[in-house]
Amino acid sequence: MTDGTRSRRGDEAGRFAALLLHDVGKYIARTARNVQGQEWTPELSAMLCRDLFEMAGGRASRVFEERAKPIEMLIGAQPDLEQVRDLLSQIDSLESAVRQGEPDALGRAGQLAREVEAALRAFARTLQEGTP
Amino acid sequence: MNPTAPLLLIVDDGDRYVEVAHRFLRGYRYATRCQLAGPCWTCDERPGCRLTHAHDFLEADEALRLHPDVDVVLLDLAFDLPEARLVPSREPDLEKRRHLQGIDILAHLRRTHLDLPVVLMTSEEELIYEEAAAALAVDEYVTLAAADAFDARALGLLVERVLARRSHVADPGQYRWGNCVGMARLRRDAVVLARTSLPMLLVGESGTGKSALAEQVIHPASRRKGIFLSVDLAALPATLVAAELFGTSRGAFSGAMDRAGRFERAHGGTLLLEEVGNLPMDAQRMLLLAMESGRVTRLGESTPRPVDVRLVAATNADLPAAVRAGTFRADLYARLNPAARMLIPPLRERTQDLAELMSHLLARAFSRAPHATLLAEYTSAAGLPPAGGVALSFGRAPHDGKDVTFALSSASWRALRAHGWPGNVRELDHLVTTVAVFALADALAAVEAGRAAEATARVVPVPSKLVRDLLAAPGAALAGPGRVTIDLHPAPTLHALSRRIESQVLRLTFDDSGGDFSAMAARLLDGDAAANARRVRLRFNQLGMRVRRGPGRR
């Protein structure tokens, strides 16, 4: 692969990473960022469920896979994306408890959502500064 | 809900932002598209309601029409909408348009709301197209929310910072922009360029407001701590221009004193060179040197002095033609940054702004002596409570209110719109003030003679004939700065001729300044202002001239 091709692919991947950050990273922690240390009321729990499992396009893990796929096709598997995949898997495993409003599950899911956002923001920044 | 809380408008294709705002930022008011009172979070209609915010640019227009007092717009970047609901564009890539729809909506808003603060709910990492970043770089009223977009506490602090900054931004409130496209472009360019160190070149006909633009907009927007100073190069004898601009040292020429020039006096501030096309060649060379080196040398000295001046040059001349004719240096013209010259449209090309300008000029004229005194005298004589201010009505019944309203007939309004305004805003200013002063003087005379009813005293009719006569009259109102037009007829002696000319000059400046002898003296004489005002009043009387009270006594 020539340097030019690598550079073009890096640019493309950067664009997809920005979309991933916008479509998943920004929205997934929308509620979680604002209720740290507070009580999860039914209204807030419903908002969190929408963030995690009812995004435009489906649950967060599904939207993530759709947006991450072209990046991995362009520049191969990425440890950062693997980490996010793992975090989203943990969130999915908490779905039932979160929907039932269990405080511990809500708190844990919120924490995981914030970690997803931070990881995706850092990943997008890294790609824009240069292909990893 | 605090009725004075800042009013936010959310523009987002979804409802994620509005949910967060309504849940976590309840200290603000929100510009909805519905007529119901009260915040959305207490409204029975809230579930499923789509009027809580704007989902596209058309709904943003609708919300801004309903709430023209919006303080800050929170605008999303990407909009997943059908093409028909996107801002029209020539960009063929639909996905790109959707991703950057927030930028297109911002540009759309700027056509009507040039300085409305906008927080773009995105971060630099999401701005993947260079043109998006470029568009935002020149918009001083936009702020990126970055990672704060969904952090309500951080977003609230960001909104407060935006609101605080707005109150510190140059207040162009004194300068009336109007609504024409040329003025909108001018406003944007002026504020952006003022923040740079580039020279600025203002081009426009006499009376269009170049000096006001420099003083009321460019100087404050540049945020410089020094003073604003202007020098009219057309009013200075060619032999004095260099001394005036660059200063003198004792002995430089006969009678020369140690004296700082305008450049030195404007150090740290803004220097406006009016009618820069009139600059003599020698002074052009010195100006070029000053601009290139940032130093000026007083006449008679050899050591240059550093100066830090934001230079604004203004002209109504065709400088490229002057360069071709060899009367203006090409290198100096290039140095004046002609590529970014700002064109101020003549008034005849912005007659849609006439009513707004007239109301503004009238209010300004009656906000200070001597016209404020005349207004107070009138309201007192008419038995009215003190006026809140003055207003204009155009061809229809004026609103009730505390203002004294000058009522123009439909015929006058048509005549004003059809007029060519060769003297531009300055001519309009003189005309509005003269018309109002004469109309008020007539009304005062009627009240004093017991011919006016108290019930109708709040409205002062402006005779159509007065407007017609003033529009047709050549004279001070049509003249440029420092110029008057006089009627010259042969006289039996030179003494009689000069007396006749002097009378006309005094009469024109008297009318022009609304009968204010101090203002007349400031235009006619250098030196002690109070003593000059007395001299002018004395001369006015010596020449047998009398103060007119109104058109009926002319």
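R305(B) is partly exposed, with a relative accessible area of 28%; here buried means under 20%, exposed over 50% and partly exposed in between, using a 1.4 Å probe and protein chains only. This is a predicted model, in which local features need pLDDT of at least 70, side-chain atom pairs count only at pLDDT 80 or more, and totals for chains, interfaces and linings use all residues. Residues are numbered from 1 along each chain as its sequence is written, chains are lettered from A and ligands numbered from 1 in the order in which they are written, and side-chain values use heavy atoms, leaving out hydrogens and water.

Let us stay with R305(B) for a moment. Its side chain meets that of E264(B) in a salt bridge at 3.7 Å, N to O (a side-chain nitrogen of Lys or Arg within 4 Å of a carboxyl oxygen of Asp or Glu). Because E264(B) lies in helix α10 and R305(B) in strand β12, the pair ties together parts that are 41 residues apart in sequence. Helices (H or I, at least four residues) and strands (E, at least two) are DSSP runs, numbered from the N terminus. E264(B) is buried at 18%.

Turn now to chain A, where R59(A) and D92(A) form a salt bridge of 2.8 Å, N to O. This pair reaches from the loop between α2 and α3 to helix α4, 33 residues apart.

Next, look between the chains. D51(A) and R16(B) pair at 4.0 Å, N to O, crossing from helix α2 of chain A to helix α1 of chain B. D51(A) is buried at 0% relative accessibility, and R16(B) is buried at 12%.
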